[in-house]
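Thanks for making time, everyone. I'll start with the overall picture and then zoom in on one pair of rings.

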Amino acid sequence: KDSAYAVREEQEGLLIPFNKFYDTLEGHIDHTYRMVITNAIKNTKIEDFDVEVLKVLFLIKSVTMITKNVENITTLMISKIDEDRIALQKKVQKSLDNLVEQTFIQNNGDIYVFLSNEQQEINNRIKDESYDTGDVVKEIGANVFQYIIKDSKYRYISVHNKRRYDFSYNQFIDGSVYGRNVGADIGVALVTPLSDNGTEDEVRRISTFEPNVYVRMAENSLY
């Protein structure tokens, strides 16, 4: 009711974006969470629209039926019937990227999570930690080859006689052998965003003359 009353004199075709409800509820919101919004407002690297996106993420943080991705956040922020959704979504995405960069929110793939001050502090500590890229690559290899693929051999079952044939394969990550080279004729090669030869064109070029299955991993901050 208060949100509708606040825009009573606006032009026809207006819709109330979800972030407006934060303002009417602010007095009932726990101080811990209000401080997150206040800190965002005071942050010189955060734009006004970024704050509005942050308000939406706070309001839906406990709503399990809403997937917190850019598409749904955009839907909740539509403010007029003839809104340019594509332009709005680009604007929302830009704000989400900035909020992640400033550690007010966290992204898990395409899902965005509102962070309390305590959670932000933990993320900042992690962000400031130095790490060796070689160790990161080694850990990625371990996760893929030991916990996802698991099998060190490829099994082929003949459609004619139903006999099973097991083929060993080499394992590579960013151009280096993972584990031990079994001298096989085929291999699986992981290419991480940390690789010097990780562009799509480069991976496509290499895969034309080497007997390996190349897996080019996504470029994001989750590694």
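Here is the chain as a whole, and then its aromatic rings.

First, this is a predicted model. The protein chain has nine helices and eight strands.

Now the overall dimensions. A compact globule of 223 residues would have a radius of gyration near 17 Å. The protein chain has 24 Å. Along the principal axes, its C-alpha atoms fill a box of roughly 75 × 45 × 30 Å.

How much of the chain is buried? Buried residues make up 31% of the 223. The chain exposes about 15,200 Å². Carbon and sulfur atoms supply 49% of that area.

Next, charges. There are 27 positive side chains and 35 negative ones. The centres of the two sets lie 6 Å apart.

What about contacts along the sequence? Take contacts between residues at least 6 apart. Of these, 50% join residues at least 24 apart.

On to the rings. The structure holds seven aromatic pairs. One of them is tyrosine 33 with phenylalanine 114. Their ring centres are 6.2 Å apart, and the planes sit at 55°, so the pair is tilted. Edge-to-face would need an angle over 60 degrees.

Where do these two residues lie? Tyrosine 33 is in helix H3, residues 31–42. Phenylalanine 114 is in strand S2, residues 111–114. So the pair ties together parts that are 81 residues apart in sequence.

Buried or exposed? Phenylalanine 114 is buried, with a relative accessible area of 5%. Tyrosine 33 is partly exposed, at 28%.

Tyr22, Tyr33, Phe58 and Phe114 form one aromatic cluster.

Technical notes:
Residues are numbered from 1 along each chain as its sequence is written. This is a predicted model: local features need pLDDT of at least 70, side-chain atom pairs count only at pLDDT 80 or more; totals for chains, interfaces and linings use all residues. Side-chain values use heavy atoms; hydrogens and water are left out. Helices (H or I, at least four residues) and strands (E, at least two) are DSSP runs, numbered from the N terminus. The radius of gyration is taken over C-alpha atoms; the globule rule is 2.2 Å times the number of residues to the power 0.38. Buried means under 20% relative accessible area, exposed over 50%, partly exposed in between (1.4 Å probe, protein chains only). Contact means heavy atoms within 4.5 Å. Accessible areas come from the Shrake-Rupley method with a 1.4 Å probe; for residues, only the protein chains shown count as cover. Lys and Arg count as positive and Asp and Glu as negative; His and the chain ends are not counted. The place of a charge is taken as NZ of Lys, CZ of Arg, CG of Asp or CD of Glu. Rings of Phe, Tyr and Trp (its six-membered ring) pair if their centres lie within 6.5 Å; planes under 30 degrees apart count as stacked, over 60 as edge-to-face and the rest as tilted.
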